[in-house]
Amino acid sequence: MKEIKVALVGNPNCGKTSLFNTLTGLNQKVSNFPGTTVDKKAGHFAIDAEHKVKIIDLPGTYSLYPKSDDEAVTFNGLCNPENSDIPDVVLFIADASNLKRNLLLFTQVADLGYPVVFALNMIDLADRKGIEYNYDLLQNRLGVEIIPTNARKMKGTEKIKQAILSAHRSSTAPFFDTSGLNQPMLEECKKYLGLKNTYSAVLWAHNQMLLFKDGERLKGFKEILARNLFCEKKEQVEEIVSRYRMIDAILKETSNRRPSSNQISLSNRLDNIITHKYFGLSFFLLVLFVIFQAIFSLASYPMDWMEAGMNYFSNGVAQIIPGGTINNLIVHGILAGLSGVIVFIPQIAILFFFITLLEDIGYMARVSFIMDKLMRSFGLNGKSVVPLISGMACAVPAIMSARNIENKQEKLITIMVIPLMSCSARLPVYTLLISMLVPETYVWGFLNMQGLILMGMYVLGFVTSLLSAWVFQKILKPAGNNYFIMEMPAFKIPMWRNVFLTIYEKCRSFVFEAGKIIVAISILLWALSSFAPAGEFEKLDAKYRELALAPTKPAEELAIQYQSEKLEASYAGHFGKMIEPVIAPLGFNWKIGIALITSFAAREVFVGTMTTIYSASGDESDFSSIRLKMMEEINPQTGQPQYSLAVIASLLVFYAFAMQCMSTLAITYRETKSLKWTLIQLFYLTVLAYISSLLVFHFLK
Amino acid sequence: MKLSALAKGIEAVIISIEDEDLSVKLYEMGCLPGERVKVENIAPFGDPIAITVSGYKLCIRQQEADRVLIKQETGEGN
């Protein structure tokens with residue numbers, strides 16, 4: 001069986017993903033292009049008994065003059081002779097409603113000498129715009145086989161498969177004539193880089209900077225260009241103008257615009273409403289409201305089921321495996337950590353359902369459009385809005401969704417400040433602490449005081465993230481040209497298949513990528529709280545054996561007290577006491593110290609840890625018992641309640657700012673591929689939390 | 001006149017783009033001299049703007065529109 005390598009190439013928003021999904025189905029794999037964080041999607045499908053295809057989805061680009069990492073990958077995939085995935089055939093997909101701009105990239109790809117199959121997509125949309133093509137003539141002028149497709153309705157895929165077998169090089173002369181360029185220089189470049197195609201030498205000359213990691217080779221190449229007085233920008237401009245002149249001539253001959261097309265399209269009418277000064281913003285707020293409601297209310301049901309399911313499973317496992325350390329490790333270490341990961345799947349799935357759906361229909365481009373100016377004043381970009389909002393559910397998928405931001409610096413700043421948005425894991429912590437701060441009273445008869453403070457915490461997080469972004473922007477030097485040039489694709493009917501495939505892919509990568517690290521740290525935390533320095537547990541056991549002989553308290557209460565003292569004696573307890581001097585200025589004692597350490601697994605663990613430490617009974621959703629125990633505690637030094645207003649406020653602020661989420665750190669590392677920035681994120685958030693808590697505590701004391 | 005000064009809904013023709021870096025990017029997106037443009041939408045805070053060019057909609061910021069020289073259609077021709 002012969003394998004044909006096919007590269008799928010096209011502009012962004014032309015239906016490339018839909019076509020890829022239609023051709024491959026679930027037969028696809030996402031990895032990273034070597035040396036980059038760009039997703040590499042590769043898939044397989046069979047044409048007939050003798051031929052199968054390996055298809056690689058190259059990132060969408062408008063030309064082969066790459067300006068972002070994504071576009072550089074596409075360039076490398078087509079022009080780098082050392083690339084192992086150099087295609088045998090290029091499957092080019094173009095948006096028929098907007099063919100002119102799409103043809104620029106096509107003429108470049110054709111001039112590289114690849115056999116091309118041309119999928120002319122969105123013909124229905126072109127038809128609605130009143131654009132008609134003479135396919136035979138267009139085929140003749142472009143010199144390749146053209147297959148009209150509708151990737152959303154999966155039309156034309158069989159023809160594409162057959163065309164891949166018979167694909168040939170464009171039978172026309174090159175679209176851009178390189179004979180007017182400096183021939184000796186191009187020959188020298190070709191020899192130096194080992195290229196066969198002249199136009200690829202031209203492209204290498206233009207893109208020298210981006211692509212050689214090898215310093216010596218780049219130096220030699222630059223010398224050739226400098227010796228020949230090569231002027232990059234000027235030649236690029238001339239080439240684009242010349243190509244468009246050619247394209248204009250071809251389109252004039254082969255396409256026809258019906259006069260009826262002057263009426264305003266539905267998409268344009270929608271835009272007039274959605275980007276409207278007042279209505280546009282209100283609509284955006286409404287969309288946010290719906291997403292929030294869905295994440296908080298809808299996700300809670302499957303989350304409860306999954307938690308119950310995991311508990312049931314853990315209990316089952318606990319009974320099957322013989323007791324002892326192994327049993328304890330599996331149940332309280334690995335399975336507890338695993339369920340911490342799995343419980344977040346519904347929220348991630350719902351969040352990505354909305355994000356992918358809104359992206360697919362074209363609304364996200366409008367959100368970036370209407371919010372760009374506001375975000376820009378804080379060093380962010382219109383495209384930062386969606387990740388920031390997602391951060392209120394969970395920072396992990398939020399950071400993943402920051403990928404769409406092309407400008408590297410704005411993407412980095414967005415990732416850096418996302419953890420400041422109050423995520424759902426902080427909710428149980430806030431609820432407990434706020435209930436200790438104020439009783440359930442109403443202002444003006446209807447405003448719930450606790451609810452107001454809770455809202456205040458969300459606002460605090462949002463404002464702090466914008467201010468931090470502003471500071472980052474001031475510190476970092478602007479990287480390159482800061483343009484905002486973005487296509488606003490026409491509104492489309494959603495393609496559910498794409499939406500669900502994306503959700504599947506995001507959840508899968510969350511469970512496997514972040515999951516590995518979460519489980520590892522859960523095991524570590526389990527070990528810290530299950531083991532103690534030699535002899536400590538034995539002493540404790542002896543003490544309780546004695547107490548059991550002459551019980552002063554009911555056995556149940558003794559058992560809880562035993563758990564509490566055991567935690568104190570464990571390594572985690574020792575760590576808590578060890579960090580007490582550091583956190584004492586914030587008003588925290590060693591008990592809070594333990595909770596801070598265990599919170600690093602996930603913030604909501606705070607409540608569970610406090611429950612264990614204060615030997616409170618009742619489950620986590622019932623705060624009344626733990627609340628009373630905490631409020632009864634007296635500070636031995638001052639004789640005042642331990643949890644004064646100052647301590648509670650200080651704790652609240654600490655939880656709002658501190659980087660206590662290893663999953664977030666893991667995903668930051670994965671997305672930035674930089675240990676430096678991961679540590680900077682950890683450091684600045686910890687310092688911010690510490691200083692803010694210090695100030696709050698001393699101000700209120 | 002400049003594209004940034006063009007009123008919403010009025011057609012004009014691009015004459016040139018002043019900045020070389022920007023012109024590579026805008027040319028590639030189909031904003032070439034001789035091409036018709038029309039401002040379609042203005043974002044709620046006054047910036048960016050969405051224009052129709054080469055048969056599709058493109059968003060650019062005012063600072064970019066400021067570098068694009070245009071000529072308003074006067075009615076001659078077709």
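Student: Which side chains meet in the salt bridge of Arg376(A)?

Tutor: A salt bridge is a side-chain nitrogen of Lys or Arg within 4 Å of a carboxyl oxygen of Asp or Glu. In this predicted model, Arg376(A) pairs with Asp47(B) at 2.9 Å, N to O. Between chain B and chain A the count is 5 salt bridges.

Student: Which elements of chain B supply the side that touches chain A?

Tutor: Helices (H or I, at least four residues) and strands (E, at least two) are DSSP runs, numbered from the N terminus. At least two residues each come from helix 1 (20–28), strand 2 (36–42), strand 3 (49–53), strand 4 (56–60) and helix 2 (62–65) of chain B. Helix 1 of chain B gives the largest share, 9 residues.

Student: How many residues of chain B are in contact with chain A?

Tutor: Contact means heavy atoms within 4.5 Å. By that rule 35 residues of chain B touch 40 residues of chain A.

Student: Is Val459(A) buried, partly exposed or exposed?

Tutor: Buried means under 20% relative accessible area, exposed over 50%, and partly exposed in between (1.4 Å probe, protein chains only). Val459(A) has a relative accessible area of 43%, so the residue is partly exposed. Val459(A) lies in helix 21 (residues 449–475) of chain A.

Student: What conventions apply?

Tutor: Residues are numbered from 1 along each chain as its sequence is written, and chains are lettered from A and ligands numbered from 1 in the order in which they are written. Local features need pLDDT of at least 70, side-chain atom pairs count only at pLDDT 80 or more, and totals for chains, interfaces and linings use all residues, while side-chain values use heavy atoms, with hydrogens and water left out.
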